[in-house]
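Please look through the sequence and the model shown here before reading the report. The text is meant to be read beside them, one heading at a time.

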Amino acid sequence: QVQLVESGGRLVQTGGSLKLSCAASDRTFSTYSMGWFRQAPGKEREIVALINWSGSRIYYADSVNGRFTVSRDNAKNTGYLQMNSLKPEDTAVYYCAADRSKWHSTDYFYWGQGTQVTVSS
């Protein structure tokens, strides 16, 4: 059982930056793909960025490509999402998730509780 805890979300102005962290409770995290997802009010949860267990495979949604960077430090059982040039439309609850086998899916097995990111205009 892997528990995930996100941190780093807060209120930021348009154009600002944030770095989210996702701390995992178990070392098996290092063998799982990890994803960052977000859900805005009234919208479905969407994929933001994905990273495989080694970091050799990465995916970004078109809406964040070039502005966000996903990474992980398996020695620390932690994943990260660096968010730059933030826009009001990035406002959402951000979740990290991990899965042994899934990739481009919102049906990951392990989920964190989410952290709120609010970008003011």
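## About the model

This is a predicted model, in which local features need pLDDT of at least 70 and side-chain atom pairs count only at pLDDT 80 or more, while totals for chains, interfaces and linings use all residues. Residues are numbered from 1 along each chain as its sequence is written, and side-chain values use heavy atoms, with hydrogens and water left out.

## An open sheet

Strands are DSSP runs of E with at least two residues, numbered from the N terminus, and two of them pair if DSSP finds at least two bridges between them. Strands of a sheet pair through backbone hydrogen bonds, either parallel or antiparallel. Here, 4 strands make up an open sheet with antiparallel pairing, and their order is 1-3-8-7. Strand 1 (4-7) and strand 7 (68-73) are the edge strands, each of which pairs on one side only. On average, neighbouring strands of this sheet are turned by 15° against each other, with direction ignored; the axes behind this angle are lines fitted to C-alpha atoms, and angles between N-to-C directions run from 0 to 180 degrees.

Within the sheet, strand 3 (residues 18-24) pairs with strand 8 (residues 78-83) in the antiparallel sense, over 6 bridges. Lys19 has Gln82 in strand 8 as its bridge partner.

## The disulfide

The search of the whole structure finds 1 disulfide. It is formed by Cys22 and Cys96, whose sulfur atoms are 2.0 Å apart. This pair links distant parts of the chain, since Cys22 lies in strand 3 and Cys96 in strand 9 (residues 92-99), 74 residues apart.

The torsion about the S-S bond of Cys22 and Cys96 is about 60°, so the disulfide is right-handed. Are these cysteines buried or exposed? With a 1.4 Å probe and protein chains only, buried means under 20% relative accessible area, exposed means over 50%, and partly exposed is in between. Cys22 counts as buried because its relative accessibility is 0%, and Cys96 is buried because its value is 0%.

Ser33 is placed in strand 4 (residues 33-39), and it counts as buried because its relative accessibility is 10%. Contact means heavy atoms within 4.5 Å. Not counting residues up to four places away in sequence, Ser33 touches several residues, including Ile51, Arg72, Asp99 and Tyr108.

## Aromatic rings

Rings of Phe, Tyr and Trp (its six-membered ring) pair if their centres lie within 6.5 Å; planes under 30 degrees apart count as stacked, over 60 as edge-to-face and the rest as tilted. By this rule there are 5 aromatic pairs. The rings of Tyr32 and Tyr110 are stacked, because their centres are 5.8 Å apart and their planes are at 5°. Both Tyr32 and Tyr110 are buried.

The rings of Tyr95 and Trp111 form an edge-to-face pair, because their planes are at 80° and their centres 6.3 Å apart. Tyr95 is buried at 14% relative accessible area, whereas Trp111 is partly exposed at 24%. Ring pairs join Phe37, Tyr95, Tyr108 and Trp111 into a cluster. A charge sits over a ring if NZ of Lys or CZ of Arg is within 6 Å of the ring centre and within 35 degrees of the ring normal. Arg45 lies over the face of Tyr95, at 4.1 Å from the ring centre, and over the face of Trp111, at 4.4 Å from the ring centre.

Technical notes:
A disulfide is a pair of cysteine sulfur atoms within 2.5 Å.
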